Amino acid sequence: MLILKPINMKLKQLKKISRHALLLCFAFTLTGMYAQSQITGVVSTSDGQVLPGVNVVEKGTNNGVVTDFDGKYQITTQSANAVLVFSFVGFETLELPVNGQQLVNATMTADEQSLQEVVVVGYGAQKRTDITGSVSSVEGEDLEKAVYNTVDQLLQGRSAGVQVTSSSGEPGANSSVRIRGNNSLSADNSPLYVVDGIPLSGTPQLNPQDIESLEVLKDASATAIYGSRGANGVILVTTKRGQVGKATVSVYQNITLSETRKTYEVLQGQQYAEFRNEAIADLRPNDAPPFPNPEQYAGTGFNWQDEILRTGIRSEYGVNVNGGEERTRYFVSANLLEDKGIVVGSNYRRGTFRTNLDTKLFNDKMGIKVRLNGSHVQNNRAITSSRAFPAGAGPIFYSYTAEPIVPSRDYAGITGEGQQFFNPYLEATAKDDRNYVTDLFASTELSYKITPELTYTFNGGLNFTFNNRDIYTPSNVGAGIDLNGLAQLSQNRSYDYITSNYLTYKNLFAENHDITATAGVEYSEFNNIASNSRVNNFPIEALGVNDVGSATGDPTIGSGRNRSVIQSGFFRLNYAFDSRYLLTATIRADGSSRFAQNEKWGYFPSAALGWRVSEEAFLKDSKTISNLKFRASIGETGTQSLPPYQSLARYGSSFYGTGQTLNLALFPVSVENPNLKWETTRQTDIGIDLGLFQNRVNITADYFKKETFDLLAVVPLPDQVGYPSYQGNFGSIENKGFEFAIDFTPVQNENFSWSSNFNVTFIKNTVLELFNDIDRFGPGLGQNVFGNGHLYRPGEEFGLFYGLKAVGLIQESDFDADGNPLFAPRNGVTQLGSWKFEDVGGGEDGAPDGIITNEDRQVIGNPNPDYTFGWVNDFYYKNFNLNIFIQGSVGNDIYNTIGTVLGSGFQNNESYKNQTVDWYLNRWTPDNPTNDIRYPSINSESPPVANYMVEDGSYIRLQSVSLRYNIPMENSNTFSGIEVYGTATNLFTITDYSGIDPEVSSLGGNTLAPGVDLGVYPRQRGYTMGVNFRF
Amino acid sequence: MKNIVIILIGLLTLSACESLEETPFDFLSADNLYRNEADVDLALFGVYSSLNTANHDLWYFMSTSGPGESVTTRFNGGNQLFLAGLNFNPTLAHGVWWSNFYRGINRANAVIANVPGVGLEESLAEQKIAEARFQRAFFYFNLVKWFGGVPLYLEETTNFSEEVIFKPRNTTEEVYAAIIEDLQYAETRLPATWDAANFGRATSGAAKGFLGKVYLHMAGKPLEQTDKYALAAAKLKEVVDSGVYALQPDFGSIFTLENERNNELIFVRPNVEDDAAGTVLTFFAGPPNTPFANRNGQYQFGFSLAFYNSFSPDDKRRDVTMQYTYIDANGRSITYNSPSNPQLPQGGYREPGGVALGKLKDAQNDVSPFAHDNDIIYMRYADILLMLAEALNESNQAAAALPYLKLVRDRAGLPVVSTTDRAALRAIIKQERKWELAGEYQEYGDLQRWGDIQASIANNAASRRIGVTYDPKMELLPIPQGQLDDNPNLTQNPGY
């Protein structure tokens, strides 16, 4: 869905509008008892095709209708001598006098000048055909056919070059969105969201139903106007606005039932008891078995996954009203969402409202747009860990690993062999974890036409976010056990203000020279204020976090505050010669408070050329090629997403005791870096847009190359200087890729149409240069068990999996006659059934040294997909619409870390974790001397990061199937339209991945740790039934 | 209308000019700190607090007391076993405190650089600088003992130019020279004592005591500047003669929380019950379900049975140093390596890691693991007495050494030693140090300077478990690998 607006999209819009039209018609019929004159007719094109969706308005009134699917309209005019105005995008507006007739057919002529979709770009709009950059669009109607809670999920699979990975299936969880790969190792790689012209500092908290369209700006020509915030791509969100005509009221409701895709089959009852007995007998033969009579446990115990998983219920209700006159239009919407996820105790509730007002004043010289959005979320969370020490992973992880044989579901005592039992069910249900997020977003755009050519625009916005988290961990859950109840409160407020002022000059000189120039300034200010408190020891637990004053422990409190500002100036020139040769040049200057004294200002230029070959004489009359454009662009953008104050010399604080006195202790924590600056991304893009057969087939292909240099990097220092690292600029990273999107309409006739669009993205993300060429590693893979497993090495791909390579299990034949191992042992381990690793380094000049150490790590996998794709199909048959959306990722590996935890039978910190039946039945034993590295023996060594964790994570997913039916409403005197639909989400996935879900990113918050599966809130399979009423 | 709009544009455009200078709201910088004596003290506390990080005390213990033959661990691998067994490699956790000591050095340098600008009266300013220099010397002494010559930073780091960050190692002699200079500056400018609320801050006695210890180490291996024995003896004698310190009559009372700030203590890190200002060592040492450590006590290490048996049953120190038998939180009697092994709070059992440490006891067993109150004792008077005896013996004044040895042995309930044979007395003093100072971060340093590592390894249970035999490289710890990676000019110690 790239670049050129395909005709099938337009048709879809027509149909959508035609539905409105039908409803309106009937509404008029029913209320039209005082009608003066009823007029019908058919609207068609000059070559005889009927035109649905045409606006038909009685001139000088608000009285209007829209043509139906067959191009027919019916209007009751107030005067028999009325004039009807027919208008439709892409056609010349037609006025026909009624002259007392009852049948008025209209033939509309295509308007070559305006047969152009207009696309929102930064600080303005442009005709799609004039765009020289890489911009793809996702229309609201496409989005309505799937069930989403958040804006970022909307983009998955919809647009070439955009990769969306949801971090978990928790209701309301954010996704990681990457436009053309990762540009940065330590700064944020998320795109900039611009909502109705206002750039935000995070992901917008909108009701996805309120979105008219999303534009994804990808190349430098499109993004450089956003300067130091444009490097990760820009997503322009345009919300719906009112349509001229009679008020339309839509009421919609849907309900989704969901379930987990898959669970792990872990040991239960007798088998578990036998496993534990065997483990202890192997480790300490003199000890009594923890479960003396395993048979007695047959059929007892708990499958904790069953205890914490349930059928999720998501329900959504909404209403919106839109309408308006020629001068003033409105769109008002409200939405309530409740998502009781599939883990007990989780409940996400959100209410949103929106009011969009558009008005024109002073002979249409002045335009005012007001956008108001409020949202409030109450999220009862059930998934987060409540154990501070040792590290914990929350109920999902424990539901796999927790001991099944305990006396009751609410048990919180000691396990059979004397360890504290952490109950996953209590962690999900007894812990009180509430997150309240209130987001207010308002903006006003005021534009004034100073002359017909010159327009002034002011756009001002504010975004206030209040994020509170209240947690009570009772004395039978996690950290609360030791602390006798723990309450934690945190409060974050942010106040962001953004204003921009710009002038737009547009003129056509000498017939052929079309110039549009935009110049302006912008000011943004971001304020963050946070506080938190924590107290433990609750004699009465009933009140918990709601009355922290009842705790007897010493409270801990903290607070913080920061502010940053950006001042900017920007300029853009669009020049088109004879609609054939296009030039775009932009520059933005950004002054950011976050950067150092010497580097406050950055300048971000771009230039692009386009050649519309199809406008050349030799192609103009081609029957085959309806559109052909070549594009090329180059430019620089930046990233400034580091916290404020990083360039300053700062003092931090802690405490130090003298005698029995607790003193404040102050010390330097950073040294001024007078040269800290933004990251710069230089991007070149070459693209082609091709439309065939009157744009029934549209192809867009882009090749791009991005290099980001001066990476914002935490540069490691030798600790001898007193600091472990500093925030600097060092290193570079490259993304090269190819995007391809095709829209086509294989079938299109009166009763049936099929349109399809497919996009695919190939990206190669390479680390070019790092500080001192020192390898960097990702974070630990988690659970106090595994070390780091991601490599960042100059010349290598981004985030390669790096670890040991197990080549088999230790067998009796692996020892010589004297019992000496014939393999290289790790930590001296020679236990039969443990892993044998490949010895590839550690000795002189990197030669094998006969033992396994960190020096023997090698590249064992690659989390980067070879390609990702999305494929949307829309079938229309009469009043039915079937939408099928498939997406996938091919060639990426996953660290199935949870799989290793559940399938290696090792003892960690003197406790065992429950294991899968699969491992237990196939594990190495003297009787079953398997060499399969997935089945080590009981009490194998604590697993290092190695290839047994790595699996192919490729998948193809039927993301959603939606069947919709418009109930014919000719005879209703209440409704103007009813649509019923059923949608299945995440219906099936084709994958070889053995874990719960191949779309996984347990450590998604950390850019440096892609593709890790540690057991997250499972992504659900959902079945939705919904109905939309229109009045 | 047009004019109004133009004016409006102008106003809106101009209104957007806020400064790009950053206004910090929630932190300080050197510019608004260091205004008076109280501020300087906060910065000095910042220097002291360099060692208060989560697991510093664990790894400090494991790499100072751990390599002695007396300490064992329950682990079958990992940092604990490798440090206790002298199976050193550059990626072990001792790297944590390399970093912490250097962090402290820079903080001390920052105080030294900033005090002159505060405008304090000269002697007070010098006292503050002396307090910072004492700590700097203490940090460098820790580094030089265990790593040999290390890069010497005597100025605050204010930029990260290559000359600053890629500084190579100085020689061992150079580092010792800097330490001596700092301690000599400090000993004449620091107060002899502090009031109770300030207990734990550096004193002239601590400066002299460490100066004596520094000389003693320089006299031993690897430098073997034997003329330093006389300097050590003289300096340690000054501590004795100061009259500030005395042995506690009862060995056990040195270590109790009730008797903190007793006059046997010379330099301690005075912990208080706070996650940021307490110690985690009690938690790591303590068996579970005890009335003297967090009830989930990790019991990661303890003393070997052989060490326990090396004590005379009459030695009053044995049952203070080790808890062979104790009463757990449920009132049960627990005896080491018997069916009544330590119990978890509600039952169950944890494999013992040796005979449990008895010198760190905190009656609050529900305290946060990181917030134990026990002070970390870096130097106490018995150490001074034994060092003095050793220095005198090595300076050919065995007879003069005997009274100091006697003070220590008398308290322990051991018979009087009367030999003046240097070698015999040396052996007795060495053994006395092992008994007296067990688990007090002295063992590895003592073995080093005595050249006894090779002999000790034969008796080291942890070494035997992993089959480690003596290698000369074990005389020093390896420079942490991360430091070598980050500084190409840093060289590894020989053998690693």
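**Exercise 1.** State how much area is buried between chain A and chain B in this predicted model, and which residues of chain A lose the most.

*Solution.* Begin with the total: about 6900 Å² is buried between chain A and chain B, and carbon and sulfur atoms give 59% of that area. Then turn to the side of chain A, where A:Tyr651, A:Tyr656 and A:Gln720 lose the most area to chain B, together 13% of what that side buries. Finally, count the residues in the contact, to which chain A brings 71 residues and chain B brings 85 residues.

**Exercise 2.** Describe the polar pairs across the interface and the make-up of the side of chain A that touches chain B.

*Solution.* For salt bridges between chain A and chain B, the rule finds 0, whereas 19 residue pairs are in polar contact, both residues being at pLDDT 80 or more. Next, look at the elements of chain A: those that each supply at least two residues of the side touching chain B include β30 (651-658), β31 (661-668) and α8 (478-483). Of these elements, β31(A) gives the largest share, 8 residues. Sorted by kind, the residues of this side are 36 nonpolar, 24 polar and 11 charged.

**Exercise 3.** Decide how the radius of gyration of chain A compares with the globule rule.

*Solution.* Chain A has 11 helices and 54 strands. Its radius of gyration is 32 Å, close to the 31 Å that the globule rule gives for 1031 residues, so chain A is as compact as a globular protein of that length. As for the interior, buried residues, those under 20% relative accessible area, make up 59% of the 1031 residues in chain A.

Technical notes: Residues are numbered from 1 along each chain as its sequence is written. Chains are lettered from A and ligands numbered from 1 in the order in which they are written. This is a predicted model: local features need pLDDT of at least 70, side-chain atom pairs count only at pLDDT 80 or more; totals for chains, interfaces and linings use all residues. Side-chain values use heavy atoms; hydrogens and water are left out. Contact means heavy atoms within 4.5 Å. Buried area is the accessible area (1.4 Å probe) that two parts lose on being put together, summed over both. A salt bridge is a side-chain nitrogen of Lys or Arg within 4 Å of a carboxyl oxygen of Asp or Glu. A polar contact is a pair of N or O atoms within 3.5 Å; within protein, one must be able to donate a hydrogen and the other to accept it, and residues adjacent in sequence count only if both atoms are side-chain atoms. Helices (H or I, at least four residues) and strands (E, at least two) are DSSP runs, numbered from the N terminus. Ala, Val, Leu, Ile, Met, Phe, Trp, Tyr, Cys and Pro count as nonpolar, Asp, Glu, Lys and Arg as charged, and the others, Gly among them, as polar. The radius of gyration is taken over C-alpha atoms; the globule rule is 2.2 Å times the number of residues to the power 0.38. Buried means under 20% relative accessible area, exposed over 50%, partly exposed in between (1.4 Å probe, protein chains only).
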